[in-house]
Amino acid sequence: MTGVDDEHDPEGATIAFERSRVESALHQARGHLADLDRAVERLRDGTYGTCERCGGPIAAARLVARPAARTCITCAAR
Ligand SMILES: [Zn+2]
């Protein structure tokens, strides 16, 4: 007994694929939520929009595109 043979069971393979897709989507969503949580914390203590690495301002356009950005575009490119 070697368990479920995904390769010769089309439905099993689809379910495994769907499960891994959902798991990675969930993982990503949790990451985004954690980022947004940190953004809210920074809003509270007044450091939102300030680069974590160099302390400089993060461009407004960057914050619009990535509201949870923690570094300025210069540091992010490094
Ligand atoms: Zn910076």
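Student: How many salt bridges does a search of the whole structure find?

Tutor: The search finds 3 salt bridges, a salt bridge being a side-chain nitrogen of Lys or Arg within 4 Å of a carboxyl oxygen of Asp or Glu. This is a predicted model, in which local features need pLDDT of at least 70 and side-chain atom pairs count only at pLDDT 80 or more, while totals for chains, interfaces and linings use all residues. Residues are numbered from 1 along each chain as its sequence is written, and side-chain values use heavy atoms, with hydrogens and water left out.

Student: What makes Arg70 and Glu52 a salt bridge?

Tutor: Their closest N and O atoms are 4.0 Å apart, and the definition asks for a distance within 4 Å. Arg70 lies in the loop between H2 and H3 and Glu52 in the loop between H1 and H2, so the pair ties together parts that are 18 residues apart in sequence; helices here are DSSP runs (H or I, at least four residues), numbered from the N terminus.

Student: Why is Arg70 called partly exposed?

Tutor: Its relative accessible area is 31%, and buried means under 20%, exposed over 50% and partly exposed in between (1.4 Å probe, protein chains only), so Arg70 counts as partly exposed.

Student: What are the protein donors of the zinc ion?

Tutor: They are the SG atoms of Cys51, Cys54, Cys72 and Cys75, lying 2.3 Å from the zinc ion, whereas donors are N, O and S atoms within 2.8 Å of the metal (3.2 Å for Na, K and Ca), and because water is not among the atoms, sites may look incomplete.

Student: Why is the arrangement around the zinc ion called tetrahedral?

Tutor: The 4 donor atoms subtend angles of 104 to 116°, and four donors count as tetrahedral if all angles lie between 85 and 135 degrees, so the arrangement is tetrahedral.

Student: How do you know whether Cys51 is buried or exposed?

Tutor: Cys51 has 4% relative accessibility, and therefore counts as buried. Cys75, with a relative accessible area of 1%, is buried too.

Student: Which residues make up the largest nonpolar core?

Tutor: That core has 6 residues, Cys51, Ile58, Leu63, Ala69, Cys72 and Cys75, where a nonpolar core is a set of buried Ala, Val, Leu, Ile, Met, Phe, Trp, Tyr and Cys residues joined through side-chain atoms within 4.5 Å. Leaving out residues up to four places away in sequence, Leu63 touches Tyr48, Gly49, Ile58 and Ala69, contact meaning heavy atoms within 4.5 Å.

Methods: Tetrahedral: all angles 85-135°; square planar, octahedral: opposite > 155°, others 65-115°. Helix = DSSP H or I, 4+ residues; strand = E, 2+ residues; numbered from the N terminus.
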